[in-house]
Number of protein chains: 2
Amino acid sequence: MIKLYELAGKNNLIFSPYCWRVRLALLHKQVEFSGVDTAFTEIKDISNGEFKAVPVLHDGSFALNESFDIVEYLEEKYPLKPSLFNSNEGKALAKFIETWANTLHGDIAKMAIADIHDCLQEKDKDYFKTSREKFFGNKLELIQSENHETAKASLLSKLSILDTYLTKSEFISGSTPLYADFIVFGTLKWLIETSQAFQVSHFSEHVEKWYLKINQMYCGEK
Amino acid sequence: MIKLYELAGKNNLIFSPYCWRVRLALLHKQVEFSGVDTAFTEIKDISNGEFKAVPVLHDGSFALNESFDIVEYLEEKYPLKPSLFNSNEGKALAKFIETWANTLHGDIAKMAIADIHDCLQEKDKDYFKTSREKFFGNKLELIQSENHETAKASLLSKLSILDTYLTKSEFISGSTPLYADFIVFGTLKWLIETSQAFQVSHFSEHVEKWYLKINQMYCGEK
C-alpha cells in the first residue's frame, strides 16, 4: 500500500501545508494509503536520508517527494481514478494557484511561529527553535507577537482576491474541488491547526464558507 | 459582420484593457469583426445610450457589453472555432486571473493617468480630466508624478507571481495562449500603449518574453 510520510506534531497533529495538499489529493483520488507520522528530526531516517522534507510518498520500492511531483505521479499512475486537474488548463490553474498560495506562507509563519513550536513533538522543539530563530533573527515569541497583526492584515488582504473570486464560483476549480483547491486549503489548514489566535471565522465570508465545505468533504469535520 | 466598439484615443490608439481582452479573443477565435473607434464621450451614442462602458459588441441586432460576458457569448456562439477556455477549468483559470489582474489596474492608473490624458482625442480631454481629478482628489500631473514610482514598485511586486509562474510554463494557460493570457496582456498593453515612462523592458525577464510573444502573435508586432 502507498505510504505517505507526513509532518506530525504532538497528538498526531498533521499541520504541514504541503502534506495536507497531498493527503487531500490521495483522498480525492480514492487511492488507499497509510499516513506515517513523521517528526522534523525523523525525516533523515526516510529512505536512508534521501529526502530533506516531507511529504514523501512510498509506492512499493518507488519513493518521491515535492507535493506537485507526487500529485503528477498519482495522476499518471491512476488515470481511471477521479482526476486532480481534469484538463491541461486545470493543471495550469493549479500551478498558478500554487505560485500565488506560496506567497501566503511567509505571513502565516509570522502569525503562528511560536504556536507552531508549541504543537511540535518534544524531540523536534530544539531543532525548530534554533533553525527558525536563526532564520528570522529573533525569538519565536517575539517574531509572533511583533508581527501577528500586520501579517494577519497582509494575509487577509491577499485572500481578498480569493474572496472576490468565490462570490462567483463555488470552488476554485469550478463546481467541484480539484487540486487547485487543495493547495490553498492546505495552506490555510496549516494556520487553523496551529494558531492559538486565528480562527476560521476570521476569514471573510466566502473564504470561510469554501474552507468549511472542503474541511467537511475531505476531513469529515463540521 | 460583428462590430466591436473600442475605446480610441487620438491617432486611433486602442488602449482600454477590457477592449484589448475582447479584441484578442476575437482574433484568437478567428471570427471576422470590424472595430469601431469610440471616444469616451461617444459611448452614450451606442445603442441609444444602453451602455456606460466599452467594449460593446454588436452582432446583428444583438448587443452586449462586459468583457467576460462578451467572451462567453463568443465561445457559445462559435463552438467549432478555436476555444478561449478549452475546458471548464480553463474558464475557472480565466476567472481567477481576471480577479487577480484587476488588482493591477489601480497601480497602472496612478502610473500613467496624465499620460493617458495626453493620448485622448481632444473631445474627451475635459471629461476625463474632470472625472479623474474628482475621483483622485488631485491634479492629473500630480497624481502621476507623486505616485509613479511607488505604483510601479507595487505593480512589479504583484507581477513577480506571474514571473515565477512563467519560469515553468510558456503561457498562463499552458502551451498555447487562451483567454486567461489575453486578460493579463490587455492590462499590460494598456500601460505600454499609454505610458511615456514605462517600457516593455521594465518587466522582469519572463513577463517580458511572454508579453512580446503574445504581442507578436496577435498584434503583429516584433
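## Salt bridges

The structure holds 26 salt bridges over all chains, a salt bridge being a side-chain nitrogen of Lys or Arg within 4 Å of a carboxyl oxygen of Asp or Glu. This is a predicted model, in which local features need pLDDT of at least 70 and side-chain atom pairs count only at pLDDT 80 or more, while totals for chains, interfaces and linings use all residues. Residues are numbered from 1 along each chain as its sequence is written, chains are lettered from A and ligands numbered from 1 in the order in which they are written, and side-chain values use heavy atoms, with hydrogens and water left out.

One of the salt bridges joins the side chains of A:E75 and A:K29, at 3.0 Å from N to O. Because A:E75 lies in helix α2 of chain A and A:K29 in helix α1 of chain A, the pair ties together parts that are 46 residues apart in sequence. Helices (H or I, at least four residues) and strands (E, at least two) are DSSP runs, numbered from the N terminus.

## The sheet of chain A

Four strands of chain A form an open sheet in the order β2-β1-β3-β4, with mixed pairing; two strands pair if DSSP finds at least two bridges between them. Its edge strands, β2 (33-38) and β4 (62-65) of chain A, each pair on one side only. Neighbouring strands of this sheet are turned by 20° against each other on average, direction ignored. Axes are lines fitted to C-alpha atoms, for helices over the stretch in contact, and angles run from 0 to 180 degrees between N-to-C directions.

Strand β1 (residues 2-7) of chain A pairs with β2(A) in the parallel sense over six bridges. A:E6 stands opposite A:D37 in β2(A).

## Helices on the sheet

Helix α1 (residues 17-29) of chain A packs on the sheet and touches β1, β2 and β3 (56-59) of chain A, where contact means heavy atoms within 4.5 Å. The direction of α1 makes about 150° with that of β1(A). Helix α2 (residues 67-77) of chain A lies across β1, β3 and β4 of chain A, running at about 135° to β4(A).

## The interface of chains A and B

In this interface, 21 residues of chain B are in contact with 21 residues of chain A. The two chains bury about 1,800 Å² between them, 79% of it on carbon and sulfur atoms; buried area is the accessible area (1.4 Å probe) that two parts lose on being put together, summed over both. The count of salt bridges between chain B and chain A is zero.
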